[in-house]
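Dear colleague,

Please find below the structure that I am handing over to you. My findings follow directly after it.

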Amino acid sequence: MSYAANAYARTSQVALTPREAEAAILIKAAVGMQAVQDNWGAHLMTLDDALGYNRKVWTLLATSATEADSPLPQELKVSMAQLGAFVFTRTLDVLVDPSADKLTALIEINRNLANGLRGNA
């Protein structure tokens, strides 16, 4: 098989649905924050990076979920807006007064939402 055909075969096997892609991005953000939390003293410098990535993820999620033309039911739009507000508030709290324990809620939210997107709820 040619190189191009091999590359296509590999890519077609790992193509993700939009929900799977969202779940993977949430997990990536959770893994980054978990690494900081697990090695708090050693990774304090990466806290800004982990929280910054998570903030970008949530900015996109909350914005797209709450847009007027979003196909989500109104109740889910409201829930995503509230969850996004909590994530942003907690992120600011961690940045102002850093504590490893404060990351737990953010990590769990990402993991639980990713599980729901994957249908593992």
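**Salt bridges and helix packing**

Asp-93 has a relative accessible area of 33% and is therefore partly exposed. Please bear in mind that the model is a predicted one, and that the values in this message are computed from it.

Asp-97, at 44% relative accessibility, counts as partly exposed. Through shared partners, these salt bridges join Asp-93, Asp-97 and Lys-102 into one network. The count of salt bridges comes to two. As a general point, side chains of opposite charge can pair when their charged atoms come close.

Turning to the overall fold, the protein contains five helices and zero strands. Along the sequence the pattern reads α-α-α-α-α. Of the 121 residues in the protein, 28% are buried. Among the contacts between residues at least 6 apart in sequence, 67% join residues at least 24 apart.

One helix pair was examined in detail. In general, two packed helices are described by the angle between their axes and the distance between the axes. For helix H3 (residues 47-66) and helix H4 (residues 74-96), the axes come within 9 Å and cross at roughly 160 degrees. Because angles over 145 degrees count as roughly antiparallel, H3 is roughly antiparallel to H4. The crossing in which H3 passes H4 is left-handed. On the H3 side, the contact is made by Leu-47, Asp-48, Leu-51, Asn-54, Arg-55, Trp-58, Thr-59, Leu-61, Ala-65 and Thr-66. On the H4 side, the residues are Lys-77, Met-80, Ala-81, Leu-83, Gly-84, Val-87, Phe-88, Thr-91, Val-94 and Leu-95. By class, the residues of this contact divide into twelve nonpolar, five polar and three charged.

In summary, the points to take from this model are the network of Asp-93, Asp-97 and Lys-102 and the roughly antiparallel arrangement of H3 and H4.

With kind regards

Note on methods: Residues are numbered from 1 along each chain as its sequence is written. This is a predicted model: local features need pLDDT of at least 70, side-chain atom pairs count only at pLDDT 80 or more; totals for chains, interfaces and linings use all residues. Side-chain values use heavy atoms; hydrogens and water are left out. Axes are lines fitted to C-alpha atoms, for helices over the stretch in contact, and angles run from 0 to 180 degrees between N-to-C directions. Helices (H or I, at least four residues) and strands (E, at least two) are DSSP runs, numbered from the N terminus. Angles under 35 degrees count as roughly parallel, over 145 as roughly antiparallel, 65 to 115 as roughly perpendicular and the rest as oblique. A crossing is left-handed if the near helix is turned anticlockwise from the far one by less than a right angle, and right-handed if clockwise. Contact means heavy atoms within 4.5 Å. Ala, Val, Leu, Ile, Met, Phe, Trp, Tyr, Cys and Pro count as nonpolar, Asp, Glu, Lys and Arg as charged, and the others, Gly among them, as polar. A salt bridge is a side-chain nitrogen of Lys or Arg within 4 Å of a carboxyl oxygen of Asp or Glu. Buried means under 20% relative accessible area, exposed over 50%, partly exposed in between (1.4 Å probe, protein chains only).
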